[in-house]
2 protein chains.
Amino acid sequence: MEIKKEEISAWLMQLQDGICASLEKADGLSIFREENWEREEGGGGRTRVITNGNVLEKGGVNFSAVHGEAPEFLFRESAHSSALTNTDKKRPNFYATGVSIVLHPLNPFVPIIHMNVRYFETDAGSRWLGGGIDLSPHYIFEEDARYFHNELKKVCDKHHPEYYKKFKDWADEYFYLPHRKETRGIGGIFFDRLNEGDGMSFEKNLAFWKDVGLAFAPLYTELIRRNRNKTYEEKNKNWQLLRRGRYVEFNLVYDKGTRFGLETNGRVESILMSLPANAAWEYNKVLEAGSPESNTQSLLLKGINWAS
Amino acid sequence: MEIKKEEISAWLMQLQDGICASLEKADGLSIFREENWEREEGGGGRTRVITNGNVLEKGGVNFSAVHGEAPEFLFRESAHSSALTNTDKKRPNFYATGVSIVLHPLNPFVPIIHMNVRYFETDAGSRWLGGGIDLSPHYIFEEDARYFHNELKKVCDKHHPEYYKKFKDWADEYFYLPHRKETRGIGGIFFDRLNEGDGMSFEKNLAFWKDVGLAFAPLYTELIRRNRNKTYEEKNKNWQLLRRGRYVEFNLVYDKGTRFGLETNGRVESILMSLPANAAWEYNKVLEAGSPESNTQSLLLKGINWAS
């Protein structure tokens, strides 16, 4: 069965619709504003942004499908990968489509979440899937962290016994700020250049990838439900701003999607919808020993086994 | 006359002292907090940070002098430069010393300023000077912009008739956000790898470079004096936060000093002292035609001749 890129894009647009509907229902106040945009070199997107909601202060659920001649740096990168074939050296045309989400909640006890599912192909015959979901709580609650990872593990285990471990470790590596020696949050799963192998056909991996996308809305709306009514004080809000500062640092310094977008003349407002409404930095911040902030900071580490 | 690196570092520490004293006097409330730090691979620095002042909300005046085996990427970069000699290919030791300043004022009508003077040498015989001063007003006042550029022009003209034009253009190129298609502010001067040439000896360039450093305090304290008592409203403060957001974008995405620091295991709190106390992002912000904010935005362009 041949999988067509147009079908994948159509599925992704449906996914975007479903997620936006779930989030609007959970928020109960604000709705998504939509902007359609075109890319000069080919393709475009459907950006949806929500602001000033009951729950969601700022966030976006973006769909895009862009195509054209593959930028040169993609091929530099491919030197380390088996995903692009040799024939790709001819600068083929590429097609990239995906849904990308970042949500910054108002209440500091509700976590920031990020999700992305993406598909890439070239007309020289390469294709792959990438994606992931990761959580950045301003305050880490162990029961939520365990719930989040166990739900992701269920999605993975349904398709391959080693996927959770492999993609959880990958998320720990990817969502890491070397200059801070801390993870962005409690991780999640991350994968890239998934094609076939490990006993999985491309079609089987596509089914896994779709399940990752479909897992997002129930998972995050449950985390909203658990935390949305917790009362908070100014000190909690200040800590949220500092954690958002770290989120900004990660996205602008390290995030490949953001840097790829900025370097390829992407639509800047869609790319940077991932930034929070506001953020703060404090010189040499010292945390009170034993405080919830200090407890959260101490858990921003790779390799914590939340799903056990 | 042989110039010793230790003398340059000693001069820079004096410069730091003088600038901090001038700024404390201008601020009238807060004083600099000092932290001495050492770099594992060699050398260290004297970080001075001011927060919650009358005028200065957050800023730093940092001195550093680091040395050790030159990192590999310096030599990749040197392929495009005549500043490093062939013998440098042996991975010599380097010595880098400088003073770096970023100041974020509380009042949105006082501009953000950045200054840096730096000296670099290797034991294989290369050495150069770099530096610059640039201004990022939240609101551009033409008379201040002209004053700022004319003062910089005087400093340059004293040493070389073409330096102002050359280094002003360089600042326009350097302090630019391609993804926003806007300059960071009104520019200033920027230069790098200055050694000898254009009829200038290294010693003459060193005298120019020192004058750039010495120009900073009188220039910025005058801009503070002109604007510190202007009254502002919430909408001015909101606009300041958005401009600070762009400053964060520039520093984390493009600034070479910041990226160099983060990639070479520099002291993160000293490097990121350049970030403001807080910043904001708004999706697809639309400016009111004819407003002061819109006027400022329209002047964030390369090639404006402010010194005429």
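Which residue of β2(A) does Glu34(A) stand opposite?

Tutor: This is a predicted model. In it, Glu34(A) stands opposite Arg48(A) in β2(A). The two strands, β1(A) and β2(A), pair in the antiparallel sense, over 6 bridges. Strands of a sheet pair through backbone hydrogen bonds, either parallel or antiparallel.

Now step out to the whole sheet. The sheet of chain A is open and has 7 strands. Their order is β1-β2-β3-β4-β5-β6-β9, with antiparallel pairing. β1 (33–38) is an edge strand, and so is β9 (187–194) of chain A: each pairs on one side only. Direction ignored, neighbouring strands are turned by 10° against each other on average. Helix α1 (residues 5–27) of chain A packs on this sheet. Helix α1 touches β2, β3 (56–69), β4 (93–105) and β5 of chain A, and its direction makes about 10° with that of β4(A). Helix α5 (residues 202–227) of chain A packs on the sheet as well. Its contacts are with β4, β5, β6 and β9 of chain A, and it makes about 25° with the direction of β6(A).

One loop of this chain deserves a stop. Asp123(A) lies between β5 (112–122) and β6 (127–136) of chain A. Asp123(A) has 14 other C-beta atoms within 10 Å, so it is partly exposed. Beyond its neighbours within four places in sequence, Asp123(A) is in contact with Pro92(A) and Asn93(A). From Asp123(A) to Asn251(A) is 128 residues in sequence and 30 Å in space, C-alpha to C-alpha.

Turn to chain B. Here an open sheet of 7 strands runs β1-β2-β3-β4-β5-β6-β9, with antiparallel pairing. From one strand to the next the twist averages 10°. Helix α3 (residues 142–157) of chain B packs on this sheet and touches β6 (127–136) and β9 of chain B. The direction of α3 makes about 30° with that of β9(B).

Strand β2 (residues 43–51) of chain B runs antiparallel to strand β3 (residues 56–69) of chain B, joined by 7 bridges. There, Gly45(B) stands opposite Ser64(B) in β3(B). Strand β5 (residues 112–122) of chain B is joined to β6(B) by 10 bridges, again antiparallel. Arg118(B) faces Gly130(B) of β6(B) as its opposite residue. β5(B) and β6(B) make a hairpin with 4 residues between them. In that turn, Gly125(B) has a positive phi of about 110°. On to the next pair: β6(B) and β9(B) are antiparallel over 6 bridges. Leu129(B) stands opposite Leu194(B) in β9(B). With 9 of its 10 residues buried, β6(B) is largely enclosed by the rest of the structure.

Helix α4 (residues 163–174) has 12 residues and reaches 16 Å from its first C-alpha to its last, close to the 16 Å expected at 1.5 Å a residue. Its buried residues include Tyr163(B), Tyr164(B), Phe167(B) and Lys168(B). Among the elements that cover the buried residues of α4(B) are β6, α3, β9 and α5 (202–227) of chain B. Helix α6 (residues 234–253) of chain B has 20 residues, which should span 28 Å at 1.5 Å a residue; its end C-alpha atoms are 29 Å apart, which agrees. Among the buried residues of α6(B) are Trp239(B), Arg243(B), Tyr247(B) and Phe250(B).

Last, the contact between the chains. It takes 23 residues from chain A and 23 residues from chain B. On the side of chain A that touches chain B, β2 (43–51), α6 (234–254), α8 (268–271) and β10 (278–280) each supply at least two residues. α6(A) gives the most, with 5 residues. This side of chain A divides into 16 nonpolar, 4 polar and 3 charged residues. Strands also pair across the contact: 3 bridges join β10(A) to strand β10 (residues 278–280) of chain B, and the two run antiparallel. Ala279(A) stands opposite Ala279(B) in β10(B). The same surface serves both copies, as 100% of the contact residues of chain A recur in chain B.

Key
Residues are numbered from 1 along each chain as its sequence is written. Chains are lettered from A and ligands numbered from 1 in the order in which they are written. This is a predicted model: local features need pLDDT of at least 70, side-chain atom pairs count only at pLDDT 80 or more; totals for chains, interfaces and linings use all residues. Two strands pair if DSSP finds at least two bridges between them. Axes are lines fitted to C-alpha atoms, for helices over the stretch in contact, and angles run from 0 to 180 degrees between N-to-C directions. Two residues are in contact if their C-beta atoms, placed from the backbone, lie within 7 Å. The expected span of a helix is 1.5 Å times one less than its number of residues. A residue is buried if 20 or more other C-beta atoms lie within 10 Å of its own, exposed if 12 or fewer, and partly exposed in between; C-beta atoms are placed from the backbone. Ala, Val, Leu, Ile, Met, Phe, Trp, Tyr, Cys and Pro count as nonpolar, Asp, Glu, Lys and Arg as charged, and the others, Gly among them, as polar.
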